[in-house]
Amino acid sequence: MSSIIAFAQQTTQPEYDFPREARRLQGKPQRTTWNHFTNHSGEVFAGVWACEVGSWRIEFGADEDEFFFVTKGRCRIIDEAGVAVDCAAGESLVIPAGFKGVFEVLEPMEKHYVIVERKTA
């Protein structure tokens, strides 16, 4: 039987990482992820992510979309054409499949995320 997943009630252990050196642009920000949910097919992920100030290049797969809602801090997403979108606490956005650009953490931030990564046959 499936149960509701309340993030605040989870005891998920954090995972720590840093942007890969080849993608890192500024700083060496530690990223912390609490993935509270993965669906049965392994295509949907949801949880909380936190990061220190810094920036790095990002590339989303052709079948990967992310929605997130910033709960603390501020970030900027810059596409390949140089168009920047800022997102602060209380705001949300979607990074669409195939997106390439830069993720810049302007103030230490935390976000709730949902990633859909469709499996191809």
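Let's start with Gly90: leaving aside neighbours within four places in sequence, Gly90 is in contact with Phe69 and Val70, where contact means heavy atoms within 4.5 Å. Gly90 sits in the loop between β7 (84-88) and β8; strands here are DSSP runs of E with at least two residues, numbered from the N terminus.

A quick word on the model, everyone: it is predicted, so local features need pLDDT of at least 70, side-chain atom pairs count only at pLDDT 80 or more, and totals for chains, interfaces and linings use all residues. Residues are numbered from 1 along each chain as its sequence is written, and side-chain values use heavy atoms, with hydrogens and water left out.

Now, the core. A nonpolar core is a set of buried Ala, Val, Leu, Ile, Met, Phe, Trp, Tyr and Cys residues joined through side-chain atoms within 4.5 Å, and buried means under 20% relative accessible area with a 1.4 Å probe, protein chains only. The largest one has 18 residues, and Trp49, Phe68, Ile95 and Phe103 touch the most other members. At least two residues each come from β4 (44-51), β5 (54-59), β6 (64-79), β8 (92-95) and β9 (100-117), with β9 giving the most, five. Beyond four places in sequence, Ile95 touches residues including Ile58, Phe60, Phe68 and Ile77, as well as Glu64, Asp65 and Glu66.

On to the rings. There are four aromatic pairs, counted when ring centres of Phe, Tyr or Trp (its six-membered ring) lie within 6.5 Å; planes under 30 degrees apart are stacked, over 60 edge-to-face, and the rest tilted. Why is the pair of Trp56 and Phe103 called stacked? Because the centres are 5.3 Å apart and the planes are at 20 degrees. Trp56 is in β5 and Phe103 in β9, so this pair ties together parts 47 residues apart in sequence. Trp56 is buried at 5% relative accessibility, and Phe103 is buried at 4%. Ring pairs also link Trp49, Trp56, Phe68 and Phe103 into a cluster.

Last, the largest pocket, with about 690 Å³ of space. On a 1 Å grid over the protein atoms alone, a pocket is an open set of points where a 1.4 Å probe fits, with protein on both sides within 12 Å along at least five of seven lines; lining residues have an atom within 4 Å of a point. Of its 24 lining residues, Asp17, Arg31, Trp49, Glu66 and Ile115 are closest to the centre.

Definitions and conventions: Buried < 20%, exposed > 50% of the residue type's maximum accessible area, 1.4 Å probe, protein only. Helix = DSSP H or I, 4+ residues; strand = E, 2+ residues; numbered from the N terminus. Points joined across faces, edges and corners; volume = space filled by probe spheres on them.
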